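Dear colleague,

Please find the structure below, handed over for your review. My notes on it follow directly after.

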Amino acid sequence: MFENMDKHLYNTNTNVLTEAEQLWEKCLNIIKDNVAYSTYQTWFVPIKAVGLNDNVITLQVPSQFFYEWLEEHYVELLGKTIKRVLGRVGRLEYRIMMESSSNKHNPATMNISGSAYPKQSKDSNFIDISLKRSDPHDIKTPYAIPGLKRVQIDPQLNSNYVFDNYVEGDCNRVARSAGIHVAQKPGATSFNPLVVYGGVGWGKTHLVQAIGNDVRRLHPNKSVLYVSAEKFINQFIDHSKNNEVNDFIHFYQLIDVLIMDDIHLFVTAPKTQDVFFAIFNHLHQSGKQIILTSDTAPRDLEGMQERLLSRFRWGLNADIQAPDFDTRKAILQVKMRQEGLEISDEVVRYVAYNIQSNVRELEGALIALYAQATLNKKEIDIDLAKRVMKNFVKTAAREMTIENIQKLVCDYYHVSYDRLLTKTRKRDVVLARQITMYFAKKFTKQSLKTIGDHFGGFDHTTVIHSCQTVENLMETDMEYKENIIEIQQKVQLASA
Ligand code: ADP
Ligand code: MG
């Protein structure tokens with residue numbers, strides 16, 4: 001697929017135009033009349049004609065993304081123009097400068113035929129969008145893959161999250177059936193966007209991943225991408241630093257089914273909301289499917305721009321509730337089948353009855369049961385279940401309260417408890433408040449709102465923001481990080 005470049009003629013004299021350059025000049029004159037000026041400047045001026053061989057003109061493009069974009073958007077125009085200038089036999093080949101090349105003067109390139117020769121896509125050609133830029137061998141931008149006509153991306157889906165093992169119950173019936181519907185006709189139902197919201201561990205991620213997996217099964221040609229809002233925010237920050245926001249936006253605009261998990265995290269990231277808005281509009285206008293999850297009902301997402309909230313209302317907002325007893329039982333049975341465990345009905349009922357808060361804990365209980373049974377070489381019977389569940393209940397009783405964490409942190413920073421409960425902006429109190437909120441989120445099951453209420457009435461965005469601040473500071477400030485670790489040990493000791 002990569003032709004030997006020696007075959008091509010290259011211009012070594014900058015004053016005299018090669019034949020290739022002359023022909024390309026002619027092409028440019030035609031193209032200029034057919035596209036907007038900005039398009040011409042952005043996408044055609046940077047192209048250099050670098051070779052001509054057997055009616056094949058070689059165009060050098062600055063990046064793989066560039067190549068994909070041309071193929072995606074201007075393939076017809078390019079094809080027609082080249083045929084007009086070179087005649088019916090005229091063909092096009094791209095030469096792509098490799099962005100990861102370390103040699104600026106003699107960058108690595110690869111040649112690839114124009115779309116007259118569409119290539120087969122293969123899973124092994126997927127690019128992981130989580131590529132770390134620090135590795136010089138990685139391709140700098142996660143965007144395109146040479147040799148493929150359409151952009152191929154790793155959908156970032158977990159193949160274990162499918163509808164088959166997603167138990168239907170009263171708690172998720174609407175969201176689940178909307179999801180199945182969307183997977184059958186992505187972008188073509190009125191459920192666009194589909195917003196799934198509900199508490200932690202109630203099955204949002206599983207559901208939206210199942211939709212993604214189903215789309216891949218039913219529509220293998222559609223590009224699907226699952227991305228957490230957190231990752232999206234980080235990618236955006238990364239690309240902003242490198243002045244690559246346009247590339248970033250373009251990349252997301254090429255996706256057919258975009259699944260964005262945990263969009264409540266956007267509330268403290270207004271700039272990310274701006275780019276997401278641009279992406280959302282483009283996708284929606286092009287009939288692409290957007291699927292979102294949130295831990296809060298969209299209408300209660302304080303800090304989310306109204307223009308986004310109004311767009312979320314265009315589609316379907318479906319909530320998931322905490323699983324009811326029957327659903328919990330059914331989920332346990334599915335998990336048992338998956339793990340190859342056999343547990344009596346009585347035990348299943350006992351566990352489902354005693355663990356109510358979220359599905360992750362149900363799974364935890366199941367694993368604990370299994371571990372105890374193998375450890376003691378015992379059957380999983382009701383007695384063992386009772387003993388193990390007692391531990392679970394005990395853990396719950398020993399769970400940290402927000403008040404306990406507040407006192408520990410106050411102690412550590414010598415801030416009085418009373419001052420912590422005021423809304424002052426004094427530095428020491430702000431520091432203690434942020435850290436307490438961080439640990440309250442980490443070690444209690446309280447909602448963000450409840451946590452905020454414990455500090456004299458801050459809203460949930462403040463809590464999210466505090467947690468992010470602590471995490472950011474830990475990354476940049478070693479001393480701060482050590483303090484946090486020390487406090488964490490105290491919190492864990494106190495709850496042991
Ligand atoms: P959320 O994203 O809402 O926090 P997850 O989707 O991560 O929750 O679910 C937590 C765990 O519970 C996952 O392992 C998931 O497979 C499981 N789970 C949740 N709901 C269901 C369900 N209805 N059927 C089967 N498993 C479920
Ligand atoms: Mg989730």
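Helix 6 (204–218), helix 11 (325–339) and helix 13 (359–375) each supply at least two residues of the shell around ligand 1; helices (H or I, at least four residues) and strands (E, at least two) are DSSP runs numbered from the N terminus. This is a predicted model, in which local features need pLDDT of at least 70 and side-chain atom pairs count only at pLDDT 80 or more, while totals for chains, interfaces and linings use all residues. Residues are numbered from 1 along each chain as its sequence is written, chains are lettered from A and ligands numbered from 1 in the order in which they are written, and side-chain values use heavy atoms, with hydrogens and water left out.

Ligand site

Ligand 1 is surrounded by 18 residues, each having a heavy atom within 4 Å of the ligand. Gly201, Lys204, Thr205, His206 and Glu363 are the closest. By class, the shell comprises seven nonpolar, seven polar and four charged residues; here Ala, Val, Leu, Ile, Met, Phe, Trp, Tyr, Cys and Pro count as nonpolar, Asp, Glu, Lys and Arg as charged, and the others, Gly among them, as polar. Because domain 2 (163–320) and domain 3 (325–397) both give residues to this shell, ligand 1 lies between them; the domain bounds come from an automatic or database assignment.

Several polar contacts (pairs of N or O atoms within 3.5 Å) may interest you. A polar side-chain atom of Thr205 is 2.7 Å from an oxygen atom of ligand 1, and a polar backbone atom of Gly203 is 3.1 Å from an oxygen atom of the ligand. A nitrogen atom of ligand 1 lies 3.4 Å from a polar side-chain atom of Asn172. Taken alone, ligand 1 exposes 550 Å², of which the protein buries 94% (Shrake-Rupley method, 1.4 Å probe).

Backbone features

Most residues other than glycine have a negative phi, and most peptide bonds are trans. The peptide bond from Asn192 to Pro193, however, is cis, with omega near 5°. Pro193 is in the loop between helix 5 (173–184) and strand 5 (194–197).

Asp54, in the loop between strand 1 (48–53) and strand 2 (56–61), has a positive phi of about 50°. His414 has a positive phi near 55° and sits in the loop between helix 15 (402–413) and helix 16 (417–420). His414 is exposed, at 72% relative accessibility.

Yours sincerely

Methods:
Polar contact = N/O pair within 3.5 Å; in protein donor to acceptor, adjacent residues only side chain to side chain. Buried < 20%, exposed > 50% of the residue type's maximum accessible area, 1.4 Å probe, protein only.
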